[in-house]
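Please look through the sequence and the structure shown here before reading the briefing that follows.

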Amino acid sequence: MGGLTNNNGINSQPDEEGEGCMEMVESESLVIRKRSGAYLTWEKLEVVVLSSDGFQSILSGINGYAKPGEIVAIMGPSGCGKSTLLDSLAGQLASNTRNTGQILINGRKLRRTYGTMAYMTQEQALTWTLTVKETIYYSAELQLPKWMPKSEKRERADRTIREMGLQDTVNTRIGGWGVKGLSGGQKRRVSICIQLLTHPKLLLLDEPTSGLDSAASYYVMNQIVKLTRQYNMTVVTAIHQPSTRIFRLFNNLCLLSLGKTIYFGPAFAANQVLLILS
Ligand SMILES: Nc1ncnc2c1ncn2[C@@H]1O[C@H](COP(=O)(O)OP(=O)(O)OP(=O)(O)O)[C@@H](O)[C@H]1O
């Protein structure tokens with residue numbers, strides 16, 4: 001079947017539970033309530049980089065899980081392997097790497113179908129000449145399935161714009177290269193908005209708050225928490241030095257050091273570990 005392919009290379013077909021079909025005949029809110037979640041597990045993950053001298057280990061024996069309606073934060077010093085873990089979970093590792101271990105969603109291997117997964121990488125590119133509305137409308141056109149009427153795509157785009165608090169900026173250009181446009185925080189929100197369009201069951205975010213001040217960071221993370229609960233999403237996010245207020249929003253913490261898990265468990269219970277490490 002030839003469905004649309006979005007910017008993550010995900011095929012815009014109904015997933016194995018046929019949810020795309022349900023959406024054709026039922027209201028969105030009903031579909032959201034009916035959606036089963038994605039229980040993600042990763043076990044004995046190993047990632048190595050291949051080079052002319054042999055190979056170098058980047059991740060070693062990593063285990064963890066993420067549940068629907070909850071957020072797992074991946075933390076650790078720069079270079080410890082946070083992005084590599086997210087790339088592995090997304091099935092988007094660089095071609096010079098090899099991985100072993102098991103990544104399962106609801107006990108099965110990841111099938112990259114419409115609405116299953118969205119991944120916001122650190123370098124998500126936006127077209128600086130487009131307005132926010134154009135960016136989100138074009139993304140909706142590309143990512144949402146062919147069978148969805150244009151009016152519904154627009155509705156979904158408008159709703160997602162509101163959910164990320166971007167309604168006052170819809171006619172502002174993204175900007176860049178000397179052209180005044182959105183603030184850094186607003187750009188991150190546009191990037192997240194694009195990923196949310198398909199209502200993914202699993203959302204992977206690499207540093208959604210990088211470059212933002214503490215108020216903007218809190219706003220972004222708090223919105224993500226609300227949407228995680230509302231859509232029963234499973235969220236895994238890499239984050240660098242979150243404030244205490246943001247840290248309290250996380251359910252579980254996966255703390256990495258030199259490519260190994262040094263803590264995985266409830267974020268509230270991690271204070272002692274973080275104190276010892278600081
Ligand atoms: N494709 C690759 N080729 C060579 N080395 C790589 C590759 N991918 C990752 N690495 C190396 O693996 C280590 C972990 O990188 P990774 O980007 O996962 O770290 P990180 O914790 O996300 O860092 P940061 O917080 O700075 O973004 C680094 O030393 C990096 O240079």
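**Overview**

In the protein chain, residues 24 or more positions apart account for 70% of the contacts with a separation of 6 or more, where contact means heavy atoms within 4.5 Å. This is a predicted model, in which local features need pLDDT of at least 70 and side-chain atom pairs count only at pLDDT 80 or more, while totals for chains, interfaces and linings use all residues. Residues are numbered from 1 along each chain as its sequence is written, and side-chain values use heavy atoms, with hydrogens and water left out. The protein chain has nine helices and 10 strands; these are DSSP runs numbered from the N terminus, helices being H or I with at least four residues and strands being E with at least two. Of its 278 residues, 50% count as buried, meaning under 20% relative accessible area with a 1.4 Å probe and protein chains only, whereas exposed means over 50% and partly exposed lies in between.

**The open sheet**

- Four strands make up an open sheet in the order β2-β1-β4-β5, with antiparallel pairing, where two strands pair if DSSP finds at least two bridges between them.
- Because β2 (54-66) and β5 (108-109) stand at the edges and each has a single partner strand, one side of each is left without a neighbour in the sheet.
- Strand β4 (residues 97-105) pairs with β5 over two bridges in the antiparallel sense, and isoleucine 105 stands opposite arginine 108 in β5.
- Helix α3 (residues 82-90) packs on the sheet and touches β1 (40-51), β2 and β4, its direction making about 115 degrees with that of β1; axes are lines fitted to C-alpha atoms, for helices over the stretch in contact, and angles run from 0 to 180 degrees between N-to-C directions.

**Strand β9 and its partners**

- Strand β9 (residues 252-257) is largely enclosed by the rest of the structure, because five of its six residues are buried.
- Strand β3 (residues 70-75) pairs with β9 in the parallel sense over four bridges, and asparagine 252 in β9 is the bridge partner of valine 72.
- Strand β10 (residues 260-266) runs antiparallel to β9 and is joined to it by six bridges, with phenylalanine 264 in β10 as the bridge partner of cysteine 254.
- β9 and β10 form a hairpin with two residues between them, and leucine 258 in the turn has a positive phi of about 50 degrees.

- The buried residues of helix α4 (residues 132-143) include Val132, Ile136 and Ala140, and what covers the buried residues includes α5 (150-163) and α6 (184-196).
- The largest nonpolar core has 47 residues, of which Ile136, Val190, Ile192, Ile224, Phe250 and Leu253 touch the most other members; such a core is a set of buried Ala, Val, Leu, Ile, Met, Phe, Trp, Tyr and Cys residues joined through side-chain atoms within 4.5 Å.
- Helix α7 (residues 214-230) gives the most to this core, with six residues.

**Cysteines**

- The structure holds zero disulfides, a disulfide being a pair of cysteine sulfur atoms within 2.5 Å.
- The sulfur of cysteine 80 is too far for a bond, because the closest cysteine sulfur, in cysteine 254, is 8.7 Å away.
- Cysteine 80 counts as buried at 2% relative accessibility, and cysteine 193 is buried with a relative accessible area of 0%.

Terms used. The expected span of a helix is 1.5 Å times one less than its number of residues.
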